[in-house]
Amino acid sequence: MTLSACALAFGACSKEDAPKGDPAGSASLNMMNESNGRTMLGNSDVYVDDAGNFVCSSAVIAYVGRVNGLNGVTMRFDNLVRSAAVDVGGGYLVYDGESLHEFPSGHVALAAGATFYRMRAESIITGENASTGKQEMTGVKVVYYADKAGNADMLPEPFERTYDLQGGYSTMLEEQDAELLNRADEIATTSDVTVERDANGDWGVSKDERYSSGYIYVRKGDLWSAIMVVRR
């Protein structure tokens with residue numbers, strides 16, 4: 001099932017173990033809260049609410065603990081929630097929720113080739129409340145970096161490959177797709193698709209008539225890809 005919830009994953013990273021510094025290309029952003037402009041992070045829908053939390057609806061946030069820089073922010077997908085408290089010095093990951101897929105084993109993986117953000121909360125921004133004259137939190141200064149999951153040598157991006165059975169119900173997979181399944185840590189399919197090896201070790205795919213299209217999902221580590229199977 002594709003996930004669309006936000007995520008918060010706790011895992012402290014010690015100052016001794018955490019890689020230091022931010023990667024080249026990192027950018028600084030003043031994320032103003034709801035009452036002061038509601039600044040979004042990059043192309044995501046993550047913003048800071050007036051209560052001092054990073055919140056979102058379709059994006060996914062993963063908190064990774066205190067870090068010395070964005071180089072210490074590594075992918076994880078456990079303990080998924082919708083809101084993450086702003087923690088100055090804390091590192092976060094921001095995914096597109098549609099890019100996550102949960103396999104039957106319970107392992108959640110990120111789509112190969114998906115763009116995601118590494119983010120660090122650097123400092124609180126304060127300003128004067130026009131009504132009370134008091135200084136209060138108006139936003140958070142963050143440092144972030146747009147990253148990409150894997151590369152074409154590891155896994156192709158999902159749905160780049162399609163098998164059109166054209167009235168039939170089964171076919172053999174081409175060499176590159178058979179190799180993909182051979183390298184997989186986990187394989188899953190929609191209920192109308194079956195993949196199996198013959199006596200020679202060659203992979204075949206078959207599809208029943210329940211739906212016009214079905215999918216083969218492949219996981220390698222923390223990344224996933226998928227092949228579409230169409231029966232007309």
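Select strands E3 and E4 (residues 53–55): two bridges join them, and they run antiparallel. Strands, like helices, are DSSP runs numbered from the N terminus, with at least two residues (E) for a strand and at least four (H or I) for a helix. Two strands are said to pair if DSSP finds at least two bridges between them. Within this pair, display Tyr 47, whose bridge partner in E4 is Val 55.

This is a predicted model, in which local features need pLDDT of at least 70, side-chain atom pairs count only at pLDDT 80 or more, and totals for chains, interfaces and linings use all residues. Residues are numbered from 1 along each chain as its sequence is written, and side-chain values use heavy atoms, with hydrogens and water left out.

The order E3-E4-E6 describes an open sheet of three strands with antiparallel pairing. Its edge strands are E3 (47–48) and E6 (83–85), each of which pairs on one side only.

Select strand E5 (residues 59–66) next. Seven of its eight residues are buried, so E5 is largely enclosed by the rest of the structure. Buried denotes under 20% relative accessible area, exposed over 50%, and partly exposed in between (1.4 Å probe, protein chains only). E5 pairs with strand E7 (residues 90–96) in the antiparallel sense, over seven bridges. Val 60 has Tyr 95 as its bridge partner in E7.

Move to helix H1 (residues 175–182), where the buried residues are Asp 177, Ala 178, Leu 180 and Leu 181. Viewed down the axis of H1, these buried residues fall within an arc of 155°, so they line one face of the helix. The arc is that of the directions from the helix axis to the C-beta atoms. Among the elements covering the buried residues of H1 are strands E12 (161–164), E14 (186–189) and E17 (213–220).

Now select Met 154, in the loop between strand E11 (135–148) and E12. Met 154 counts as partly exposed because its relative accessibility is 37%. Leaving aside neighbours within four places in sequence, Met 154 is in contact (heavy atoms within 4.5 Å) with Arg 183 and Leu 223.

Finally, colour the chain by pLDDT, the predictor's confidence in each residue, from 0 to 100. The chain averages a pLDDT of 89, and 91% of the residues score at least 70. Over residues 1–16, pLDDT stays under 50. Where pLDDT is low, the predicted coordinates should not be read in detail.
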